[in-house]
Amino acid sequence: MTDALVELLADAGNAAPHDLASLIDACAVTLGATGAVAYLADLQQQVLVPFSAGDDAGPLAVDATLAGRAFQAYEVQTQEAEQGGLVWIPLVLGSDRLGVLRVTVASLDDALLALLMRLATTAATLLASKTPYGDTLVKLRRVGPIGLPAEIQYSLLPPLSFASREVTIAAALEPCYDVAGDTIDYAVDAGRTSVGVFDGMGHGLHSAQCATLTVASYRNARRSGKSLAEILGIIDVALQESLGGEAFTTAVIAELDTGSGHFTWVNAGHPEPLLLRGGRLVRPLSAAPRPPLGLGHLVADEVVVGTEQLEPGDSVLIFTDGVVEARSADGAFFGVDRLGELVIRHLAGGLPAVETMRRVVRELLDHQGGQLSDDASLLLLVWPGPQGVAK
Ligand SMILES: [Mn+2]
């Protein structure tokens, strides 16, 4: 590692989130560029917002700019950089995209580009690790007002994308700035990945409280080593005891054995997940749905655990009813077929799972004229195969 990057890491040790803009800029200059500004994606990944003390540049659209292309494709983009210009470098941690680094250069050669890409990796790590210590970066990523239910939700959610050799996860929740009842959770551990997608009744503070209890119960039971059927029962009891049977949630919770591809799931009143393979929809995953959780109607002995053997490269798409029941102005549902086709088309086109989710959300919002009437959530789980063989 170059001295400049070591120095950046050392200086960042005592830095607050708001200090990072000038540290990253100074490091770029030391490396041979003329300056650098991190642009962070907003929560909805529609715009890239500059993080800079002195810069009065506005946000850039993800869908119509070179910066956006770098972000979408995870690829460096240059703008007349050979003679002096701009370089856009993705700011990524694994599959998780924070934004792009805008670097100005007097000239660019391969050696400088290699250094700048290492700067981007270091900057992404610092931006992610420093975010919780202040409101600066949290606020920067919000380009619209966030209500109390969504504030509660964002304090609960794990990062919405993750990729390792064993599994890829990409999720999206809409309406992004006003999400309340839907939520997701996951855990990637040795040999096993667990996921849960939940849809709490209604769309307000009560829904967010219901989601809080649901996710906490799910995590607590999962971390106590409970089975899928037991976890459903535990969530059901927790909701009923706390909310008196006045709120409920639907759920799909699942486990993937990442060594063998053995996939198991349980369904409580939730739409059936879709199994996608080789560019086509294989089938919805049916497992005798049980009643929603929180009403005390769940009978543990009657919970059916679905099983499916995944093949390398298979994906499972779990979603809430707000996705398929979104209606266009003329009343047409978004529908399961359209959802499956869109996901398959984007994946077959070589898009990463996380960009696929971003585009499907965009298409869902367009379908309903930009305004959703119900929360809509998606979680895509991709199994590359036993040794991480497929993309
Ligand atoms: Mn719903």
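Where does tyrosine 74 lie? Tyrosine 74 is found in the loop between H3 and E4. The legends below describe close-up views of a predicted model.

View 1. The phi of tyrosine 74 is near 55 degrees, a positive value in a residue other than glycine. The relative accessibility of tyrosine 74 is 23%, so the residue counts as partly exposed. A positive phi also occurs at glutamine 45, at about 60 degrees, although glutamine 45 is not a glycine. Glutamine 45 belongs to the loop between E1 and E2.

**View 2. The open sheet that runs from E3 to E4.** Six strands form this open sheet in the order E3-E2-E1-E6-E5-E4, and the pairing is antiparallel. Its edge strands are E3 (60-61) and E4 (77-79), each of which pairs on one side only. Helix H3, residues 66-73, packs on the sheet and touches E1 (35-41), E2 (47-51), E3, E4, E5 and E6 (96-105). The direction of H3 makes about 140 degrees with that of E6. E4 and E5 (residues 85-93) run antiparallel and are joined by three bridges. Glutamine 77 has tryptophan 88 in E5 as its bridge partner.

**View 3. The open sheet that runs from E7 to E14.** Another open sheet of six strands has the order E7-E8-E17-E16-E13-E14, again with antiparallel pairing. E7 (161-163) and E14 are the edge strands, and each pairs on one side only. On average, neighbouring strands of this sheet are turned by 15 degrees against each other, direction ignored. E8 (residues 168-174) and E17 run antiparallel, joined by seven bridges. Glutamate 174 stands opposite alanine 376 in E17. Two helices are described next. H10 packs on the sheet, where it touches E13, E14, E16 and E17, and its direction makes about 140 degrees with that of E16. H11 packs on the sheet as well, touching E7, E8, E16 and E17, and its direction makes about 20 degrees with that of E8.

**View 4. Strand E16 and its two partners.** E16 is mostly covered, with five of its five residues buried. In a regular strand the side chains alternate between the two faces of the sheet. Ser315, Leu317 and Phe319 point one way from E16, while Val316 and Ile318 point the other way. E16 pairs with E13 in the antiparallel sense over three bridges, and leucine 276 stands opposite serine 315 in E16. The antiparallel pairing of E16 with E17 has five bridges, and valine 316 stands opposite leucine 381 in E17.

**View 5. Helix H10 and its surroundings.** H10 covers residues 336-348, which makes 13 residues. From its first C-alpha to its last the helix reaches 18 Å, close to the 18 Å expected at 1.5 Å a residue. Which residues of H10 are buried? They are Leu339, Gly340, Leu342, Val343, Ile344 and His346. An α-helix has 3.6 residues a turn, so residues three or four places apart point the same way. The cover over the buried residues of H10 includes the strands E13 (274-277), E14 (280-284), E16 (315-319) and E17 (376-382). It also includes the helices H9 (321-324) and H11 (353-367). Glycine 350 follows H10 and has a positive phi, near 90 degrees.

**View 6. The manganese site.** Asp199, Asp321 and Asp374 coordinate the manganese ion through OD atoms at 2.2 to 2.4 Å. The spacing of these donor residues in sequence is D-x121-D-x52-D. Aspartate 321 in helix H9 and aspartate 374 in the loop between H11 and E17 are 53 residues apart, so this pair links distant parts of the chain. Aspartate 321 is partly exposed, because its relative accessible area is 23%. Aspartate 374 is partly exposed as well, with a relative accessible area of 26%.

**View 7. The crossing of helices H7 and H8.** H7 (residues 205-223) and H8 (residues 228-243) pack at an angle of about 140 degrees, and their axes are 9 Å apart. The crossing is right-handed. On the H7 side, the contact is made by Cys210, Leu213, Thr214, Ser217, Tyr218, Ala221 and Arg222. Ile231, Ile234, Ile235, Ala238, Leu239, Ser242 and Leu243 make it on the H8 side.

View 8. Glutamate 174 and proline 175 are joined by a cis peptide bond, with omega about -5 degrees. Proline 175 is in the loop between E8 and E9 (182-189).

Definitions and conventions
Residues are numbered from 1 along each chain as its sequence is written. This is a predicted model: local features need pLDDT of at least 70, side-chain atom pairs count only at pLDDT 80 or more; totals for chains, interfaces and linings use all residues. Side-chain values use heavy atoms; hydrogens and water are left out. Helices (H or I, at least four residues) and strands (E, at least two) are DSSP runs, numbered from the N terminus. The expected span of a helix is 1.5 Å times one less than its number of residues. Buried means under 20% relative accessible area, exposed over 50%, partly exposed in between (1.4 Å probe, protein chains only). Contact means heavy atoms within 4.5 Å. Donors are N, O and S atoms within 2.8 Å of the metal (3.2 Å for Na, K and Ca); water is not among the atoms, so sites may look incomplete. Two strands pair if DSSP finds at least two bridges between them. Axes are lines fitted to C-alpha atoms, for helices over the stretch in contact, and angles run from 0 to 180 degrees between N-to-C directions. A crossing is left-handed if the near helix is turned anticlockwise from the far one by less than a right angle, and right-handed if clockwise.
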